[in-house]
Amino acid sequence: MKTQPIDQFACTLPPEKRQSVYNGTKATHEKRTKLLAGDFADPDRLRQLAGEVKQHVIENLDTLLPQVEERLTAGGAQVHWAADAAAARRHVLAILQRRGATRLVKAKTMVSEEIELAPFLEAHGIECLETDLGEFIVQIDHDHPSHIVRPIIHKNRREIATSFEKNGLGAYNDAPEVITRRAREFMRKKYLAADAGMTGANFVVAESGRLVVVTNEGNSRFSLAAPKCHIALVGIEKLLPRDRDLALFLNLLARSATAQQLTVYTEFIRGPRAAGQPDGPEEMHVIFVDNGRTDVLAGECREILRCIRCGACMNVCPVYRQVSGHAYRSVYPGPVGAVLSPLLAGEDFLEKADLPKASSLCGACNEVCPVNIPIPDLLLRLRDKGKRAGAASPGLPPMGPWALLASQPVVWKAALIGGRLLDYIPPGLIPVPAMHAWAASRTLPKWRGGVFRKWLRQREKRKTETGERKA
Amino acid sequence: MNDDREVILSRMRGALAPLRKRAAYPNFPDDVAVMREVVDWKDPWSVFCERTRLVNGESMERVEDVVALLKANHWLHGYCDPQLWPRLAPAFGPEFTVETAFDRTRVDDYQFGITRAVGAIAETGTLILSDASTSCRLGALAPWVHIAVLRREEVMANMAQAVALLGDDPNIIWVTGPSKTADVEGILIEGVHGPGRQIALLLG
Ligand code: SF4
């Protein structure tokens, strides 16, 4: 019996990384909760409402998507469709090649990670630069983001300063302010030289064809101020029906993601720049990416498509806090990833089938989710799906002996007495092989068998006595 | 590749066909997410000033104050929207070099940029810039200091009102304080790619 891949990864995580992740997630989660409760009389009602709006969206995508396509085209954008990752990559390459573009600056988009865009473009001779500070550091380190909102939550300043030095961004200096200034200097030259800028979209409004992009650093704004061409990569589930929904969603997103009332830059884009505006794209492309989403829509976990990628569920998750993001071996970690990653894996579902099991089903993710996704229910459905598909079972002790113990009072009493021996036998010597795997990563508490019965008997005795005294 | 459109839409119709009923769009008022303590505030500009301070934004009512701040920091070279400059110029002394055309080959020459805002949101301390109001996007973004000029009556109470007025402009950006990051160990640093100082200036 062997442990699951996610557990194996967790065992190898250096303690200081675990600590960085733990501190970062906990602080954001606590601030988020305070802010929501302070600003709104009934924040839960807002989460439920937002959940209803998004459920409406995913169940009406077949009418909303053509509607948004029509609005975007009317605004002067060109709309493309990509059924899978390869098609999405081809669209981006074709747009760039048509313009003779060789330099792309990229704001954060999870879809680009999903379709592994950067290595593909580099192989075709196109420089593809991440401009979000965290994503940039991930890029120069040849690492992967470990959190969807805070990609380098697993890194400390010393590691970052070392990679800056290695990459010719100045002599070693680990002051966060110096690191940030150096990135600023380096990046603005890149923006100005770039032929195209890429963004994702946090929301796309069907009634107006408005793309909404939020960032704190201003990198997406720069990517849409300097280059002449804008390419937006958008998952097909990102829609909102109406502009009025934005007030609700922007309020929830900023608080859930980064514990802010509003993200610093919230950009609403309806098309190429206005006539008379000297800066910004003269050409705008929107690529709607499916890449497994319609399969999710057809399945029994479609609620996960409500997700607005805020990261709140990972910040609160006791498992994520211990194992960090890379243990999920996917673009989307944490509770949302435990549902979405196996589903998006398609034929490789079984490789990710351990993820839904890495949860105590405590329900915290559901409670913080700004679109109220019942993640624990979805995890259970996926466990079931995994079982039926023949996923490997993790190291659990067999339940047969337990059934025997629990149904025979004599055996039970004998076991209670014999159990004391466990205090003296190291778990490795327990003569049941199945127990080894299970006990390897756990320490047993001191044996307390029989204590409850004793306590109950005495409690009843005491009750009778005090009862008598009162009388 | 354009067949992908049909592929996606037909998969989608297939996925949704078995649903007996589609989830309806819920009913809710436009102001459902308006912050409670801000709802009844009367003078939006003073609320704006208070709230923008919370996100390290600044607000000023006199152009002389802006000039004094720039001088004190030796920020003497800047860009100004050509339509605004005639009104502001008298307050700027001869030590200043202010250009009314932004030269993108010298972005780092400009220490400040002055452009017009179309409005502001009191509730969040947010400035609203649009393509129609902003004489040049880079002038409001690349310099260390951005000064956004607006009128008192252009300040709206809350986000719901601002959303209702988004309109047709191809590009609107809401700016809530200076550019910031907390990517390195969660420590807040301002002035990442955009301005490190974000100032709202009242015009008359
Ligand atoms: S599942 Fe919910 S909490 Fe998690 S990232 Fe998505 S929207 Fe946020």
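How many bridges join strand 1 (residues 58-60) of chain B to strand 12 of chain B? The first view answers this.

**View 1. Strand 12 of chain B and its two partners in a predicted model.** Three bridges join strand 1 to strand 12 of chain B, and the two run parallel. Two strands pair if DSSP finds at least two bridges between them. Helices (H or I, at least four residues) and strands (E, at least two) are DSSP runs, numbered from the N terminus. In this pairing, B:Glu58 stands opposite B:Ile199 of strand 12. Strand 7 (residues 145-150) of chain B also runs parallel to strand 12, joined by six bridges. Here B:Ile147 is the residue opposite B:Ile199. Five of the six residues of strand 12 (residues 197-202) are buried, so this strand is largely enclosed by the rest of the structure. Buried means under 20% relative accessible area, exposed over 50%, and partly exposed in between (1.4 Å probe, protein chains only).

The model is predicted: local features need pLDDT of at least 70 and side-chain atom pairs count only at pLDDT 80 or more, while totals for chains, interfaces and linings use all residues. Residues are numbered from 1 along each chain as its sequence is written, chains are lettered from A and ligands numbered from 1 in the order in which they are written, and side-chain values use heavy atoms, leaving out hydrogens and water.

**View 2. A sheet that takes strands from chain A and chain B.** Eight strands form an open sheet with mixed pairing, in the order 8(A)-5(A)-6(A)-9(A)-9(B)-6(B)-5(B)-8(B). The edge strands are strand 8 (239-240) of chain A and strand 8 (155-156) of chain B, and each pairs on one side only. Where do the chains join? Strand 9 (residues 265-269) of chain A pairs with strand 9 (residues 171-175) of chain B, antiparallel, over five bridges. A:Phe268 has B:Ile172 as its bridge partner. A:Glu267 stands opposite B:Ile173.

**View 3. The interface of chain A and chain B.** The contact (heavy atoms within 4.5 Å) takes 95 residues from chain A and 78 residues from chain B. Together the chains bury about 7500 Å², 57% of it on carbon and sulfur atoms. Buried area is the accessible area (1.4 Å probe) that two parts lose on being put together, summed over both. In chain A, A:Arg184, A:Arg221 and A:Arg244 lose the most area to chain B, together 10% of what that side buries.

**View 4. Salt bridges across the interface.** Seven salt bridges are found between chain A and chain B. Each is a side-chain nitrogen of Lys or Arg within 4 Å of a carboxyl oxygen of Asp or Glu. One of them joins the side chains of B:Arg22 and A:Asp62, at 3.1 Å from N to O. Helix 10 (residues 176-193) of chain A gives ten residues to the side that touches chain B, the largest share.

**View 5. A:Asn291 in its loop.** A:Asn291 lies in the loop between strand 10 (283-289) and helix 13 (293-298) of chain A. Is A:Asn291 buried or exposed? A:Asn291 counts as buried, because its relative accessibility is 17%. A polar atom of its side chain lies 3.3 Å from the backbone nitrogen of A:Ala85. Leaving aside neighbours within four places in sequence, the contacts of A:Asn291 include A:Asp84, A:Glu114 and A:Leu344.

Key:
A polar contact is a pair of N or O atoms within 3.5 Å; within protein, one must be able to donate a hydrogen and the other to accept it, and residues adjacent in sequence count only if both atoms are side-chain atoms.
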